[in-house]
Amino acid sequence: MTTVTAILNGKGRSVITISPQRTLREAVDVLAERRVGALVVTGVDGAVLGILSERDVVRVLAGEGPRALDNTVSRVMTSRVKTCTPYDTLDDVMEMMTAGRFRHVPVMEDSRLSGIISIGDVVKHRLAEFENEHQALREYIATA
Ligand code: AMP
């Protein structure tokens with residue numbers, strides 16, 4: 001069973017964060033510059049206060065037009081963030097993403113943010129697993 005720890009060991013534990021007082025305009029810049037789909041919103045003490053994804057930006061832009069970019073991040077973010085631990089399995093995380101219809105899950109260890117799993121990470125890992133299985137089956141057939 002693949003765990004969240006195994007994924008983080010491969011991709012690293014850095015998370016791109018933003019403070020809740022920043023504007024959506026600033027958040028959009030960070031999303032574009034860092035080439036990510038979501039930012040974890042953290043307070044001065046590093047506590048996770050919310051998550052802001054590109055979907056949230058699209059939603060307010062559609063509703064309010066360009067002036068939506070003057071909103072603070074805190075007004076637009078999702079406050080009830082679903083998180084996982086390093087000990088959860090990849091299946092647990094996939095289930096969480098499917099049930100909640102989101103593509104990002106921050107990882108918490110001892111109440112501290114210690115990574116993030118995106119749906120891209122899940123797909124990448126699954127593909128590698130299929131590839132290994134395929135290879136093992138081919139070798140098995142060839143030597144049978
Ligand atoms: P996403 O698919 O991750 O781009 O996000 C879709 C929606 O779910 C957006 O409104 C996000 O703010 C929200 N969202 C993303 N990740 C989470 C999460 N881990 N917990 C709760 N809501 C989330």
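Tutor: We will go from the whole chain to the sheet, then to single residues and salt bridges. Keep in mind that this is a predicted model.

Student: How many helices and strands are there in the protein chain?

Tutor: The protein chain has six helices and five strands. Read along the sequence, they follow the pattern α-β-α-β-β-α-α-α-β-β-α.

Student: What does the C-alpha trace span along its principal axes?

Tutor: The span is about 65 × 35 × 25 Å. The accessible surface of the protein chain comes to about 9300 Å², and 52% of that belongs to carbon and sulfur atoms. Of the 144 residues, 35% count as buried.

Student: Which strands form the open sheet, and in what order?

Tutor: Start with the general idea: strands of a sheet pair through backbone hydrogen bonds, either parallel or antiparallel. In this model, three strands form an open sheet in the order β1-β2-β3, with mixed pairing. The edge strands are β1 (17–18) and β3 (48–53), each of which pairs on one side only.

Student: How many bridges join β2 to β3?

Tutor: Strand β2, residues 38–42, is joined to β3 by five bridges, and the two run antiparallel. To find one of them, look at Val-40, whose bridge partner in β3 is Ile-51.

Student: Which helix lies across β1, β2 and β3?

Tutor: That is helix α2, residues 24–34, which runs at about 130° to β2.

Student: How do I read whether a residue is buried or exposed? Take Ser-114 as the case.

Tutor: Look at relative accessible area: buried means under 20%, exposed means over 50%, and partly exposed is in between. Ser-114 has 12% relative accessibility, so this residue counts as buried. Its place is in strand β5, residues 112–118.

Student: Which residues is Ser-114 in contact with, leaving aside its neighbours within four places in sequence?

Tutor: The contacts of Ser-114 on that basis are Leu-8, Arg-13, Val-107, Met-108 and Glu-109. For the protein chain, take contacts between residues at least 6 apart in sequence: 54% of them join residues at least 24 apart.

Student: Which residues have a positive phi although they are not glycine?

Tutor: Arg-35 is one of them, with a positive phi of about 55°. Arg-35 is in the loop between α2 and β2. At 77% relative accessibility, Arg-35 counts as exposed. Asp-110 is another non-glycine residue with a positive phi, here about 50°. Asp-110 is in the loop between β4 (104–109) and β5, and is exposed, with a relative accessible area of 72%.

Student: Which residues make the nonpolar surface patch of about 380 Å²?

Tutor: Ile-119, Val-123, Leu-127 and Phe-130 make that patch. Ile-119 is in helix α6, residues 119–143. With a relative accessible area of 40%, Ile-119 is partly exposed.

Student: How many salt bridges does the structure hold?

Tutor: For the general idea, look for a side-chain nitrogen of Lys or Arg within 4 Å of a carboxyl oxygen of Asp or Glu. The structure holds seven salt bridges. In one of them, the side chains of Asp-121 and Lys-11 meet at 2.9 Å, N to O. Asp-121 lies in helix α6 and Lys-11 in helix α1 (residues 4–11), so the pair ties together parts that are 110 residues apart in sequence.

Student: Are Asp-121 and Lys-11 buried or partly exposed?

Tutor: Asp-121 counts as buried, at 17% relative accessibility. Lys-11 is partly exposed, with a relative accessible area of 37%.

Student: Where do Glu-129 and Arg-126 lie?

Tutor: Both lie in helix α6, three residues apart, which is about one turn of the helix. Glu-129 is partly exposed, with a relative accessible area of 27%, and Arg-126 counts as partly exposed at 26% relative accessibility.

Student: Which residues are linked with Arg-126 and Glu-129 in a network of salt bridges?

Tutor: The network of salt bridges links Asp-91 with Arg-126 and Glu-129.

Conventions. Residues numbered from 1 in each chain as written. Predicted model: local features only at pLDDT ≥ 70, side-chain atom pairs only at ≥ 80, totals over all residues. Heavy atoms only, no water. Helix = DSSP H or I, 4+ residues; strand = E, 2+ residues; numbered from the N terminus. Buried < 20%, exposed > 50% of the residue type's maximum accessible area, 1.4 Å probe, protein only. Contact = heavy atoms within 4.5 Å. Pairing = 2+ DSSP bridges. Axes fitted to C-alpha atoms, helices over the stretch in contact; angles between N-to-C directions. Patch = residues over 30% accessible without salt bridge, like charges linked within 9 Å, V, L, I, M, F, W, Y side chains within 5 Å. Areas by Shrake-Rupley, 256 points an atom, 1.4 Å probe, with all protein chains shown as cover.
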